[in-house]
Amino acid sequence: MSSISVEPCTFALFGALGDLALRKLFPALYQLDRAGLLHADTQVLALAREPGSVEEHLKRIEAHLHEFVEAGQIEAIPLQRFLARLSYLHVDFLKADDYKVLAEKVAPEAPLIAYFATPAAVYGGICENLDKVGLGPRTRVVLEKPIGHDLESSRRVNDAVAQYFPENRVYRIDHYLGKETVQNLIALRFANSLFETQWNQNSISHVEITVAEKVGIEGRWGYFDKAGQLRDMIQNHLLQLLCLIAMDPPSDLSADSIRDEKVKVLKALARSPVKASVPVSCVVSTSPGTAKGARCRDTWKKTTPTRRAIPKPLLPCVPTFATGAGPVCRSTCVPASGCRRSCRKSLSTSRSRRTTSSRRSSVYRSVTS
């Protein structure tokens, strides 16, 4: 057990039966409990709109814990303790009357953490209903990206949340930044004299960011249909990786200082390339038709409510990005598992069109699984 002092709270997980919650969030909460980082009085409320018995849904959550937590880390006592603090509530997120049950479940005087593992379109409605039942003043909200599908919709969502919660009680999360490889990038770059002095455009030819995922659509057709892999991976996860790789050293390790350096990178990115330069700047890959890919496409056929053409599972990559003081970053972003071979072939063809100078060091590849 950890000796870290923690305070009790109520953790309300909206969208508790979705893929993100079952695959990532509940296993993470279990690991916190296993490490002694949850107070004995902390309770976890699973909120979803699916009807059915409470016991049925709790057994479903427990089954996913066994599936997504490594077998050696499932221990009887921590698991029993975690399940004992877990409750399920059937709530329609857009009906204010349903939130009365939530208000009754929240411990008196304990802060409420509301985690929105839901579509961004309902963020504003959830915040409004939390405020209507008197939970607003002691609630902190966690927003999952992508927040909106474009700039205008993102502003609408953020404005709706801001009506009820000040900025210091709103946390926008990109769970990709919690990966150990990503967290180690700053230390690798700025705390390591071997790399710190050589991490620049004079020593690095280019950087490739490859995302090789094993997870297919797997019932998430609605998410991919509305948000899409391009918005999910490239403009969120991979741009964050790009910023960490290309940014200048922050003045300190505070969130504001790191954010300021990231913003400089984003402002320095080249605009969308002209049509003639797309074949040179981008690499387009297609699925090689592996068994995994075939299952993914079959799942799409079975779960899509309307008959329409199946989209290509892979998307065009982002254009060449040239930053100022940092390294020249030609980011090749490939959001799928089966395209590594075809990607390398396309990338090789693309490179042959460029006039390259002598390279002073080997290529650094950042692979995020």
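Predicted model: local features only at pLDDT ≥ 70, side-chain atom pairs only at ≥ 80, totals over all residues.

Q: OK, and where is the kink in H1?
A: At Leu25, shortly before the proline Pro27, and the kink is about 35°. That bend is the angle between axes fitted to the seven residues ending there and the seven starting there. Helices (H or I, at least four residues) and strands (E, at least two) are DSSP runs, numbered from the N terminus.

Q: Which residues of H1 are buried?
A: Ala21, Leu22, Arg23, Leu25, Phe26, Pro27, Leu29, Tyr30 and Asp33. Buried means under 20% relative accessible area, exposed over 50%, partly exposed in between (1.4 Å probe, protein chains only).

Q: What do they pack against?
A: The buried residues of H1 pack against strands E1 (10-14), E2 (43-48), E3 (86-90) and E4 (112-116), plus helices H2 (54-68) and H3 (76-84).

Q: Switching topic: which residues touch the most other members in the largest nonpolar core?
A: Phe14, Leu47, Leu102, Phe116 and Leu130, out of 27 residues in that core. The largest share of this core, four residues, comes from H5. A nonpolar core is a set of buried Ala, Val, Leu, Ile, Met, Phe, Trp, Tyr and Cys residues joined through side-chain atoms within 4.5 Å.

Q: And what is Phe14 in contact with?
A: Leaving aside neighbours within four places in sequence, Phe14 has contacts (heavy atoms within 4.5 Å) that include Leu47, Phe93, Tyr99, Leu102, Phe116, Ile126 and Leu130. There's also a second, separate core of 25 residues, with Phe26 and Ile173 among them.

Q: Now the loops. Which peptide bond is cis?
A: The one from Lys145 to Pro146, with omega near -5°. Pro146 sits in the loop between E5 and H6.

Q: What about Glu109, what's its phi?
A: Near 70°, a positive value in a residue other than glycine. Glu109 is in the loop between H4 and E4.

Q: Is Glu109 buried or exposed?
A: Exposed, with a relative accessible area of 75%.

Notes. Residues numbered from 1 in each chain as written. Heavy atoms only, no water.
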